[in-house]
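Hi,

Here is the model I promised to pass on.

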Amino acid sequence: AKSAGGNRFELADPEADARTITRHGLTTALPTALDRGEFFIEYQPLVHLGDGSVRGAEALVRWLHPQHGVLGPDRFIPLAEHTGLIVPLGRWVLEQSVRQAREWREMCGAGRACAPLRINVNLSPCQLTDPGLVRDTVEILERAGVEPDALCLEVTESALIGADDDLLKPLRRLADMGVDIALDDFGTGYSNLANLRRLPVSILKLDRSFTRGMQQFPADPVDLKIVEGIVSLAHSLDLAVTVEGVETGAQAEQLKVLGCDTAQGWYYARPGPPERLHELTLVDATG
Ligand code: C2E
Ligand code: CA
Ligand code: CA
Ligand code: CA
């Protein structure tokens with residue numbers, strides 16, 4: 001279509017694209033896409049900054065749309081939240097991911113010198129109000145034979161701002177069982193830092209906007225100060241810090257010096273099929 005030239009180039013605008021897709025039935029196709037088996041999950045490694053080893057992976061859902069090809073979550077998660085599909089979809093993602101974690105953990109036990117991999121799964125704010133969340137999560141872990149501490153649920157900072165006790169209760173129960181709760185996109189939500197103490201979180205996931213400032217060399221000194229401050233605050237509250245969007249070795253080095261614990265980003269690996277994790281951990285074990 002691009003060779004047609006002229007104004008057609010403007011269709012490359014993602015927003016125009018989204019509108020086109022919406023008109024062409026994304027809204028009507030979504031509710032049944034789960035039954036048709038059109039979703040799949042890519043996994044992106046989480047790397048320990050201290051020794052460079054792969055410690056786990058984040059599950060990122062995609063929709064293989066029969067007409068439009070692979071759609072990223074930004075294209076359909078808001079719609080899934082709006083229609084309520086997010087609850088069964090989120091449960092499906094959790095179940096698949098936990099089973100995948102089980103497979104990885106078995107491979108590690110089978111003579112491989114890798115640390116047992118953990119799995120991070122995103123939780124939509126809509127799932128927090130689902131009364132079945134804790135029961136379903138426990139069931140999924142038990143059925144797969146995976147210990148709760150192999151699982152980390154990522155909840156965005158904005159979903160928890162001003163959250164009352166009712167909203168926090170299921171997270172607290174999961175945390176008490178040993179599931180890690182990570183505060184995703186941290187630093188974008190203007191949350192009161194003192195507020196962190198009342199949240200049942202054990203990990204801060206520093207938003208990509210902070211790592212972006214470290215792409216140029218020398219890095220923006222204000223960004224460095226901010227990250228340094230967040231890391232020391234987090235550590236003083238016994239929270240681990242994960243950074244996302246690490247695209248260069250220079251960024252990784254800088255973040256390591258600043259004391260961040262875990263990193264994720266294209267520098268290490270793009271999200272990919274689960275087999276990619278096998279290769280990465282195999283390299284670790286032999287290298
Ligand atoms: P997120 O949780 O902040 O996930 C990180 C996003 O950053 C992913 O986008 C990932 O592909 C991208 N990314 C990773 N490394 C780099 C990098 O080095 N540079 C850049 N520029 N980007 C990087 P993705 O896969 O498109 O997911 C977008 C968002 O969709 C996620 O943001 C998450 O909020 C949501 N999402 C994904 N899967 C699920 C799911 O199963 N359930 C729910 N509720 N939300 C999901
Ligand atoms: Ca996330
Ligand atoms: Ca734990
Ligand atoms: Ca994030």
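I'll start with the second largest pocket: 15 residues line it, and those nearest its centre are Arg 55, Arg 118, Ile 203, Thr 242 and Thr 262. Two or more lining residues come from each of strand S1 (39-48), S2, S4, strand S7 (203-206) and strand S8 (240-243). Its volume is about 270 Å³, and by class the lining splits into six nonpolar, five polar and four charged residues. Keep in mind throughout that this is a predicted model.

Now the largest pocket, where the volume comes to about 1100 Å³. Its lining takes in 35 residues, with Glu 58, Leu 60, Pro 73, Asp 74 and Asn 122 nearest the centre. Sorted by class, that lining holds 14 nonpolar, nine polar and 12 charged residues. As for which elements build it, at least two residues each come from strand S2 (54-65), helix H2 (73-83), helix H3 (86-109), strand S4 (118-122), helix H4 (125-128), strand S5 (151-156) and strand S6 (180-186).

Next, a residue in the loop between S4 and H4: Leu 123. Is Leu 123 buried or exposed? Its relative accessible area is 7%, and buried means under 20%, so Leu 123 counts as buried. Which residues does it touch, setting aside neighbours within four places in sequence? Leu 123 is in contact with Leu 128, Leu 133, Leu 153, Glu 154, Val 155 and Leu 171. There is also a C-alpha separation of 9.7 Å between Leu 123 and Ala 159, which sit 36 residues apart along the chain.

One of those contacts, Leu 133, brings us to helix H5, which covers residues 133-144. H5 has 12 residues and spans 17 Å from first C-alpha to last, close to the 16 Å expected at 1.5 Å a residue. Leu 133, Val 134, Asp 136, Thr 137, Ile 140, Leu 141 and Ala 144 are its buried residues. Looking down the axis of H5, these fall within an arc of 165°, so they line one face of the helix. After H5 comes Gly 145, with a positive phi near 70°.

Cheers

Note on methods: Residues are numbered from 1 along each chain as its sequence is written. Chains are lettered from A and ligands numbered from 1 in the order in which they are written. This is a predicted model: local features need pLDDT of at least 70, side-chain atom pairs count only at pLDDT 80 or more; totals for chains, interfaces and linings use all residues. Side-chain values use heavy atoms; hydrogens and water are left out. Helices (H or I, at least four residues) and strands (E, at least two) are DSSP runs, numbered from the N terminus. The expected span of a helix is 1.5 Å times one less than its number of residues. Buried means under 20% relative accessible area, exposed over 50%, partly exposed in between (1.4 Å probe, protein chains only). The arc is that of the directions from the helix axis to the C-beta atoms. On a 1 Å grid over the protein atoms alone, a cavity is a set of points where a 1.4 Å probe fits but cannot get out, and a pocket is an open set with protein on both sides within 12 Å along at least five of seven lines; lining residues have an atom within 4 Å of a point. Grid points are joined across faces, edges and corners, and a volume is the space filled by probe spheres set on the points. Ala, Val, Leu, Ile, Met, Phe, Trp, Tyr, Cys and Pro count as nonpolar, Asp, Glu, Lys and Arg as charged, and the others, Gly among them, as polar. Contact means heavy atoms within 4.5 Å.
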